[in-house]
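Please look over the structure shown below before reading on.

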Amino acid sequence: MNPLWQQLVEAGLVTGDPPPPEPAGPAWYVHALLGFAAWVAALFLTIVLVAFFRFEGGGLGIAGAFACAAGLLLLRSQSPFLTQLGLAASIAGQAGMLFGLGFRDFNRTAAVMAAILILPSLLTTNPIYRAWCTGASILLLASALEQWSPLTIALAAALVTFVFLIQPQIPRAYGYGAAIALVAIDLFTHFGRNPHPQAPYAGGLLAGLALVYTAHHFFDTKGAIYAALISLILIPAPGVAAALLIILIGFGCAAPTLTGLGIAAGLVYLSHFYYSLSFTLLTKSIVLLATGLALLALRWFLFRKEKA
């Protein structure tokens, strides 16, 4: 008998024989090969459709809608090959719909497509597709709002907080998609051309508000005060507050993938801040020193609370 089941029987928590073991599925490398083959098949199918049928304008949009619908049907399959084929076909169909909407203004096209992507994310249970639709919708909305507006940073941060902390019964895939979009928007804000020079700082301040709420959720009022202090210190280094938000939520909600994403994003932001020529070395040193002192104070507070 299974030792764990024996301990549960002795504790009076279960009775009878242990349940039969679940059948083992295909190995991970089989899934990887099937997924790669499916994406290659979808890529060649897209090339064939574009090269031979030469869809333009509305025709391309209609073909993309049919491809997206077919992909949603394939996502219901239990076969790893068909699932990945459906995922690739649906994403290719979304691209066809985006370029086939026919609006002369790309901002309007992106806004309409961002609204359209909400529907397919609700019609499937595939977590990868849900995360893709959520992240792509937020990024398209950011593009529609004049090149990575701080409002979309606030939207992405709020959605991550809402999914993981306020309504945890919502599938986490939506939160993962919003977190990836949050990191991507910050990266484009830092490394791309932005018509609004103050946008990164406004976005960092809005992400700091979400960080304050998250710290209050896990550590009560004192944690929120420390988070507010850290957010204010990090205003010259926007993007770090968003990374700290993702790390804190990932650690507090036992989501290691989210934690790893936040750590990677934080390293990228800090490296960019350190090597950027926008600030003097003295300013950078003061910001880094103040951040270190604030983190040490937070560590002292957490250890003190744990001992109490």
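What follows describes some features of this model, which is predicted.

The largest pocket has a volume of about 650 Å³, and 27 residues line it, with Ile 230, Leu 244, Ile 247, Leu 295 and Leu 298 lying nearest its centre. By class, this lining is made up of 21 nonpolar, four polar and two charged residues. The helices in the table each supply at least two residues of the lining, and among the contributors α13 gives the most, with eight residues.

| Helix | Residues |
|---|---|
| α10 | 199-233 |
| α11 | 240-252 |
| α12 | 256-275 |
| α13 | 281-307 |

We turn next to a pair of helices. Two packed helices are described by the angle between their axes and the distance between the axes. For helix α4 (residues 80-100) and helix α5 (residues 106-116), the axes come within 9 Å and cross at roughly 145°, and the crossing is right-handed. On the α4 side the contact is made by Gln 94, Met 97 and Leu 98, while α5 brings Thr 109, Met 113 and Ile 116. These contact residues divide into four nonpolar, two polar and no charged.

Leaving aside neighbours within four places in sequence, Ser 231 is in contact with Gly 208, Leu 211 and Val 212.

Note on methods. Residues numbered from 1 in each chain as written. Predicted model: local features only at pLDDT ≥ 70, side-chain atom pairs only at ≥ 80, totals over all residues. Heavy atoms only, no water. 1 Å grid on protein atoms, 1.4 Å probe; cavity = no way out; pocket = protein on both sides within 12 Å on 5 of 7 lines; lining within 4 Å. Points joined across faces, edges and corners; volume = space filled by probe spheres on them. Helix = DSSP H or I, 4+ residues; strand = E, 2+ residues; numbered from the N terminus. Nonpolar A, V, L, I, M, F, W, Y, C, P; charged D, E, K, R; others polar. Axes fitted to C-alpha atoms, helices over the stretch in contact; angles between N-to-C directions. Left-handed = near helix turned anticlockwise from the far one by under 90°. Contact = heavy atoms within 4.5 Å.
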